[in-house]
Amino acid sequence: VKQIIDQVSITRYKFNQLIDELIQDLGSIQQKDCQLTVKDNLVVCDGIDYSICQQVQLIYLKQSPRFQVFEFEYLNQQTQSRQKFLLDHFMSQSKYYALRTQVENVLDNKAVTQARPIGGSLHPELVERAKISNIYYHFFNGIEDPFPELESQTSRFCNFLSMTFGISLTPSERLKLKMFVQIQIKRLAGRHFLNIRHMATLERDTRLPFLKNYYLENVPHSGESDIDSEICYLFLFLRSQRIMASVPVKFCQQLQQQYNSGSKHFERVLAETPVINQAKFTGEDQQKTAQHIAQLTVWLMMFNYFDFTEVIASDQSHMAMDFPALSILGKQLVEEAIRVFDLQLCDECRAKLLKSYVKILIADVPSSLARDNVTICVDFVQSIVPMDYFAKLLVANLGAGIVLTNQLSSDVDVFLSDIYVASIHDIPQVTLLDPLKTSNWEKLRQTVADVKQTKLEGFLAAS
């Protein structure tokens, strides 16, 4: 309790008030049983997980005057006058302008798209929509619909798009698409029009007239907009989120040149990195991986759509622990991207970019090529363990790069058994009395992580 009071600079009376309010707000969340109490000068949270924290965060966001100003300023100005907004929210004009300045500062700090204009200067509306989208994806994603008044309209649009272009949407893809279209509709309603013809244009496709006609008949003010840019914007979103494998869009020459240049530079990094076994890393795999990374980099700088998840400190340490070689390679690629594209990235954006790169490396680079592979000799004496199932458990809990054997040799890095063998001295030994109970695996997990790091450091020092 004292630590909380000191960190947020409040009195004990104010602390008690806030705890009471928090307990009351937690009571409004029906999905799970959760309880907050203060016992022995400690704040005790029972049944409160990350999803509960997200829901409470959303409750407070919607109560925030800053968020109310944000929604009015960016999405709802066409629905009411500023004077009525001030009266409804008991707000003075000076207070409104002060809050609007705070909102603009927050959005500017979060705007990755301003790190570097790709393919010429970005259209201001493209930047605005990227900012707005990230706010809603971060706070509302999967919890509730931020625009319930548009629910039926956007559901019909998703069904139309799925049928017209043969798209099969997963629940999460449908959620992302609906929110994207809702923000597009809101901005068009406020006559905030987009023009990205200098970046990308539509190619010929027999289905495009149907899509254009749908917009013109169902989305207010779309007839006043550059409808080709709006549809191109939709397709680029669908491609960036891998909802569509290919889209009828052609990048401008400058943007394509920058993508090609990025691909070549990333390919060089992949071909020279010592953390991958280059003898087995084919040129074809290097080129494919480099292209995926270059493509992702362009998407992120154009639209600032990361994976809609917050990257927290534990995310980074977990990734470095399970994939140390690919994390090092990811950092090399991030530095190359910053140099090639002349990026100006804050620490948070670096962390997001690194995570995105490592995820591509995990998918594209065979785990057997990483220099941090760990060979585990498995020898259970007292337990009958189905080894195929156990091997899957190991990969799921310890990450990739695990090689299993039942023979003890000089290649073995860790000895794993259900008994302790006193004659084994040269390598770490982990004893699991109940091998299938993964809650007892913490020592094994840490041992494997330590061995990976030691092997990698030794290889880098020798290379």
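Here is a short tour of this predicted model, in questions and answers.

Visitor: What kind of model is this, and how are residues numbered along each chain?
Guide: It is a predicted model: local features need pLDDT of at least 70, side-chain atom pairs count only at pLDDT 80 or more, and totals for chains, interfaces and linings use all residues. Side-chain values use heavy atoms, with hydrogens and water left out, and residues are numbered from 1 along each chain as its sequence is written.

Visitor: How many helices and strands are in the protein?
Guide: Both are DSSP runs, numbered from the N terminus: helices are H or I with at least four residues, strands are E with at least two. The C-alpha atoms fill a box of roughly 80 × 65 × 40 Å, taken along the principal axes. The protein holds 18 helices and eight strands.

Visitor: What share of the residues counts as buried?
Guide: Buried means under 20% relative accessible area, exposed means over 50%, and partly exposed lies in between (1.4 Å probe, protein chains only). The protein has 463 residues. Of these, the buried share is 46%.

Visitor: What percentage of the contacts with a separation of 6 or more comes from residues 24 or more positions apart?
Guide: A contact means heavy atoms within 4.5 Å. Take the contacts with a separation of 6 or more; residues 24 or more positions apart account for 74%.

Visitor: How many disulfides does a search of the whole structure find?
Guide: A disulfide is a pair of cysteine sulfur atoms within 2.5 Å. For C53, the closest cysteine sulfur is in C45, at 7.4 Å, so it is too far for a bond. The search of the whole structure gives zero.

Visitor: Is C377 buried or exposed?
Guide: Start with another cysteine, C53: its relative accessible area is 42%, so C53 is partly exposed. For C377 the relative accessibility is 2%. So C377 counts as buried.

Visitor: At what angle do helix α10 and helix α11 pack?
Guide: Two packed helices are described by the angle between their axes and the distance between the axes. Axes are lines fitted to C-alpha atoms, for helices over the stretch in contact, and angles run from 0 to 180 degrees between N-to-C directions. Helix α10 covers residues 208-218, helix α11 covers residues 227-240, and their axes are 11 Å apart. They pack at about 110°.

Visitor: Are α10 and α11 roughly parallel or roughly perpendicular?
Guide: Under 35 degrees counts as roughly parallel, over 145 as roughly antiparallel, 65 to 115 as roughly perpendicular, and the rest as oblique. The angle of α10 to α11 is about 110°. That makes the pair roughly perpendicular.

Visitor: Which residues of α11 meet α10, and how many nonpolar residues does the contact have?
Guide: L208, L211, K212 and Y215 in α10 meet I227, D228, I231, L234 and F235 in α11. Ala, Val, Leu, Ile, Met, Phe, Trp, Tyr, Cys and Pro count as nonpolar, Asp, Glu, Lys and Arg as charged, and the others, Gly among them, as polar. The contact of α10 with α11 has two charged residues, no polar ones, and a nonpolar count of seven.

Visitor: Which residues does S229 touch?
Guide: S229 sits in helix α11. Its relative accessibility is 2%, so S229 counts as buried. Leaving out residues up to four places away in sequence, S229 touches L194, N195, I196 and R197.

Visitor: Which backbone oxygen does the side chain of S240 reach?
Guide: S240 also lies in helix α11. At 11% relative accessibility, S240 is buried. At 2.9 Å, its side chain reaches the backbone oxygen of F237.

Visitor: Where is M244 found, and which residues does M244 touch?
Guide: M244 is in the loop between α11 and β4 (249-251). M244 counts as buried, at 7% relative accessibility. Not counting residues up to four places away in sequence, M244 touches F165, I167, F235, L238 and R239.

Visitor: What is the phi of H221?
Guide: Most residues other than glycine have a negative phi. H221 lies in the loop between α10 and α11 and is partly exposed, at 25% relative accessibility. H221 is not a glycine, although its phi is positive, about 70°.

Notes. A polar contact is a pair of N or O atoms within 3.5 Å; within protein, one must be able to donate a hydrogen and the other to accept it, and residues adjacent in sequence count only if both atoms are side-chain atoms.
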